[in-house]
Amino acid sequence: MWWRDGVLYQVYPRSFADSDGDGVGDLRGITAHLAHLEWLGVDGLWLNPTFPSPNADWGFDVSDYCGVHPDLGTLEDLDELVARAGERGIKVLLDLVPNHTSDQHPWFRERRDFYVWREGRNGGPPNNWMSNFGGPAWTRDEASGLWYLHNFTPDQPDLDWWNEEVREAFDDILRFWMDRGIAGFRVDVAHGIVKDRELRDNPAATEDDNEHVRRLGQRLEYSMNRDEVHDVFRRFRSVTDPYDGVLLGETWVLDLERLMRFYGDDLDELHLAFNFVFLLADFETAQLAPIVAQTEALLPEHAWPTWTLGNHDMARFPTRWTRGDPGLSRCALMLLLTLRGTPVVYYGDELAMPDAEIPPDRVVDPVGLLDDPDRPGRDGARSPMPWTAEPGAGFSAPGVEPWLPLGELAGVNVAEQKADPQSALHLTRDLIALRRAEEDLRGGSYEEAVVEDGLWAYRRGDGFLVALNLGSDPASLPAEGTIAIGTRRERDGESVARSLLLAPGEGVVLRLARA
Ligand code: NOJ
C-alpha cells in the first residue's frame, strides 16, 4: 500500500508558495513547486484545510465542505494540482474537519438540528465543559435563549454526530472528494467528534493528569473521547474503502492503549493514527525510546505506525526539540525517516527550519490572540516556506508582505541547501531515497538494540542498525558494517569493524555486515 511504504508531506497551503502576489500561498503555488516534492521523494501530500472559511481558525472553521477557499484558488486549481501531482506519482489528501463547522456555514442557519443546542442550567451554560481554546464550551444565542456547543472558538459550533443526517452529509462529502481523485483525508479532532449523549459534566482534573488537562481543570471524558466515535470511523471506511482511500487521524489521545483502538478491532477504522505521546515528549532518548517501544508493543497486528516531528499546532522541531543544535536536528530527521511506520514531513522540516519570530502586531492565530503565556500561539510554525535567499524568499514576489512574517533565513532555504550536499535538505532526501530502496527500512521489524544514556540504537530488519547519540557525551556501541548515511556526511561509506563511535548529536544508518 502506497501510504505504508511511502512518505507523506504536510503543506500549510497559505504558507507554501504565493503564485498571484497577494502575500498568501495558494494551490497554484503548490502546483508550481511539485518538482521540489518529487525531487525530495515524497509519495503523498496532506493539505491543511482548503475549504471556504471565514478564517476564525484559519480554515478549521469550514463554511462549505465541497469548495475551495478563494484565497487559495478554485476547484479547478485543486483538480489541476491533483492531476499534476499524480503525474509525478504524488497523491493528495485533504484535511477533513468533521467535529465542527464555521458559524457561517449555511447549516448553522438552516439546520439547527445538525448542532448541539441545549437549555442553560441555573442561568449559566448547560454543563461544565470547557473549550480547548479556553472559556466555557457553550455560547448563548440571544434570539432563542438556547446555548450551542463549541469545543474550540465560538465561531466553530460542534456538529451533532448523533444525528444520522450529519453522518449522511459527511458520507456525501467524502464521496464528493474521492470522486475527484482525492486519495484520502487527515481527520481533524478525530478523537472528539462524538459527545456524550446525555452531556454529563466532565470530571475535575487531578494532580495525576497531564498538563493540558490540568490547565483546562477537567478531563475531557464526556465532551470528547467517547467510544461511540469508533462507529463513525467504521462508517467512513465503508465509504472510502471502495476508493482505496486512506484515513489519517488527528488522534489527540495521550494514552497509547486507547490510541490503538483507533485502528479498529478488525483494522476497519483509521489507517494511521498520529502519536501525540511521542510528539509531546522531550527530544531525549530516555523519553522517546520507551514510547516507541511501547507503541510497537501495543500496536495491533498488521496496524501501521505513523511518526512526525511536528505540525501546524506546535513549535517546529528545531525550536521545540533540538533548540537549534544542527547535529540534533539531523538526528531528528534521521529518526523520523528510519522508524518503522509512515513518516509525515511538515513543510520546511526538510530544511530544519525553526519557528519564525512573530511580533505581537502580526499575531493572527486565535490561540496566540488569547495572549495566555500557557498557550503559545501557533503562527511561528506556520510562516512562509523559504525557497530562495532573495528578499521575499521566493515565497511571494519581492516587495510583497507575506501574510505571516518570514523566519530567520540564514542558510534556511531550498535554493542554498539544494546547492549544498551537506545540507539538512540533502540528508532528508537521501534518507527518503535509502528508505525507498531498502525493504528493511520500510517494512523491516523495529528492534531496540541499545538505550543507554543518550544513545539510542535500533535494528531495522536484518539489514540495518540506526544509532543516534542524543546525549552530550561521545557514545559507542559494538557494530560491524558500512555507514550508509551519517548525519556527518563525511562518514558516508565508512566501514565499521568492531565499534561504532558517535559524537554528541550524531547519528548513522549502518548497513550491517551479513554473517
Ligand atoms: C486541530 C487542528 O489541527 C487545529 O489547528 C485546529 O485549531 C483545531 N483542530 C480545531 O479545528
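A polar contact is a pair of N or O atoms within 3.5 Å; within protein, one must be able to donate a hydrogen and the other to accept it, and residues adjacent in sequence count only if both atoms are side-chain atoms. The model is predicted, with pLDDT of at least 70 needed for local features and 80 or more for side-chain atom pairs, while totals for chains, interfaces and linings use all residues. Residues are numbered from 1 along each chain as its sequence is written, and side-chain values use heavy atoms, leaving out hydrogens and water.

View 1. The side chain of D57 has an N or O atom 2.6 Å from a ligand oxygen. For D188, a polar side-chain atom is 2.8 Å from an oxygen atom of the ligand, and for R186 the distance between a side-chain N or O atom and a ligand oxygen is 3.0 Å. On its own the ligand has 290 Å² of accessible area, of which the protein covers 97% (Shrake-Rupley method, 1.4 Å probe).

**View 2. The shell around the ligand.** The ligand is surrounded by 13 residues, the closest being D57, H100, D188, H312 and D313 (a heavy atom within 4 Å).

**View 3. The largest cavity.** Three cavities of 30 Å³ or more are present in the structure, and the largest has a volume of about 90 Å³. A cavity is a set of points on a 1 Å grid over the protein atoms alone where a 1.4 Å probe fits but cannot get out, and lining residues have an atom within 4 Å of a point. The lining includes Y12, R14, F51, W58 and H69; by class, six lining residues are nonpolar, four polar and one charged.

**View 4. The six-stranded sheet.** This open sheet runs β12-β13-β14-β19-β16-β17 with antiparallel pairing (strands are DSSP runs of E, at least two residues, numbered from the N terminus; a pair needs at least two bridges). Its edge strands, β12 (446–452) and β17 (495–496), each pair on one side only. Five bridges join β16 (residues 481–486) to β19 (residues 506–512), and I485 has V509 as its bridge partner in β19.

**View 5. The three-stranded sheet.** Antiparallel strands form an open sheet in the order β4-β6-β5, with β4 (117–118) and β5 (138–140) at the edges. Two bridges connect β4 with β6 (residues 147–149); W117 has Y148 of β6 as its bridge partner.

Conventions
Helix = DSSP H or I, 4+ residues; strand = E, 2+ residues; numbered from the N terminus. 1 Å grid on protein atoms, 1.4 Å probe; cavity = no way out; pocket = protein on both sides within 12 Å on 5 of 7 lines; lining within 4 Å. Points joined across faces, edges and corners; volume = space filled by probe spheres on them. Nonpolar A, V, L, I, M, F, W, Y, C, P; charged D, E, K, R; others polar.
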